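The points below are grouped by topic.

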Amino acid sequence: MTDRSLPAGLHRDTLAVRTGLERSQHGEHSEALYLTSGFVQPDAETSMRRFAGTEEGFTYSRTSNPTVTSFEQRLAAMEGTEAAIGASTGMGAILMMCMGLLKAGDHVICSRSVFGSTLNLFAKEFAKFGVETTFVSQTDVAEWRAALKSNTRLLFAETPTNPLTEVCDIQALADLAHGAGALLAVDNCFCSPALQRPVEWGADLVIHSGTKYLDGQGRVMAGAICGPSKLIVDVFGPVVRTAGMALSPFNAWVVLKGLETLGIRMQAQCANALAVAQWLEAQAGIARVYYPGLASHPQHELAMRQQSGLGGAVVSFDVVGDTPEEARANAFHVINSTRVVSIATNLGDTKTIITHPGTTSHGRLSEAQRQAAGIGQGLIRLAVGLDHVQDIQADLLRGLSTLTS
Ligand SMILES: *Cc1c(COP(=O)(O)O)cnc(C)c1O
């Protein structure tokens, strides 16, 4: 038989369609979906060895499943890590990571601007179990350095952030973590491996919400951690087996197929986002546009270096308003005047989504907390999809051109 194993050195686009594919005896071309909770064992001795972990083989889908394994292998290949492990959701992945790495008495440093549920997981849930977290500036490395303690085990960052697209310097944070004997985990949800591979900048672990760009079409919930085999297999594997935040095989299959088109979707959505951001900067009624691909973005150069020269697909902007009430009324007018884009709170979909963070994702914060976070009442977040850019612009212009103040 000729050697049909994949050669080394393939490009990411090829890995996205070729890796993690172990064909069954039928030789199916597309990835098979193993929708099964359990696996039949050939005999009691094999079953014993598989349960003891001394022989490879599937036993029960909370532990592992061939479709989930395919997804894990493909995502790891695209992130450039040795291994990956699936989780039921992005938050499930972060929970799994914390359960695996932390114990009572440990200290975590986390950006103040991370995803709201991540903030709560550290500030409320893990605080209950004696894990202390210090929240610091997204962009000021000196604050991270000053927060280090002898018991700091983990630095957690997300870049760019939601909804203000602030970018942190992964390499600087990795150096800081490693100098203190801690690990750096980066939530790579906004960029995906198509734009940014955090391990190339020194990060130890990469977190994903597969719900966003990896699926890319708003269909299923999924999550993953990517990293070195010794952590994935020896630390996180036992956590998912015991605690049960396992990825369903059906969801794994959907996201696995989503990875095949991730590269071209991200290219197209980033191009649309840049065009919308540039256009917004020139419109009346706009106070400020937040987009890493714009020269006006405070971390533009860092973002271009870290994100393969692309700004991502999330654009936020402030509409004008002399008071918070007026700004909110204007923002609501722009949102309510759209007829094409969806009013929803997800992101990473082919359908463009418009959101008012101040009354949705950040609605439970006090006005003072919101001000401190820079989330004004005039702020609108646009998660740009594959709608034609002129249709998105026309949709926004309907409201922007009829603002009364
Ligand atoms: C959505 C999101 C998560 C959580 O993912 P779920 O799949 O919704 O649990 C985590 N981090 C970021 C940056 C996100 O946008």
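In this predicted model, the protein chain is divided into domain 1, covering residues 12–259, and domain 2, covering residues 263–400. The C-alpha centres of the two domains are 28 Å apart. Between domain 1 and domain 2, about 2600 Å² of area is buried.

**Extent of the interface**

- Contact between the domains involves 30 residues of domain 1 and 33 residues of domain 2.
- Carbon and sulfur atoms give 57% of the area buried between domain 1 and domain 2.

- The number of salt bridges between domain 1 and domain 2 is zero.
- Eleven residue pairs, with both residues at pLDDT 80 or more, are in polar contact between domain 1 and domain 2.

**The domain 1 side**

- Helix H7 (170–179), helix H8 (192–195) and helix H9 (210–214) are the elements that each give two or more residues to the side of domain 1 touching domain 2.
- Helix H9 gives the most to this side, contributing four residues.
- By residue class, the side of domain 1 that touches domain 2 comprises 13 nonpolar, twelve polar and five charged residues.

Definitions and conventions
Residues are numbered from 1 along each chain as its sequence is written. This is a predicted model: local features need pLDDT of at least 70, side-chain atom pairs count only at pLDDT 80 or more; totals for chains, interfaces and linings use all residues. Side-chain values use heavy atoms; hydrogens and water are left out. Domain bounds come from an automatic or database domain assignment. Contact means heavy atoms within 4.5 Å. Buried area is the accessible area (1.4 Å probe) that two parts lose on being put together, summed over both. A salt bridge is a side-chain nitrogen of Lys or Arg within 4 Å of a carboxyl oxygen of Asp or Glu. A polar contact is a pair of N or O atoms within 3.5 Å; within protein, one must be able to donate a hydrogen and the other to accept it, and residues adjacent in sequence count only if both atoms are side-chain atoms. Ala, Val, Leu, Ile, Met, Phe, Trp, Tyr, Cys and Pro count as nonpolar, Asp, Glu, Lys and Arg as charged, and the others, Gly among them, as polar.
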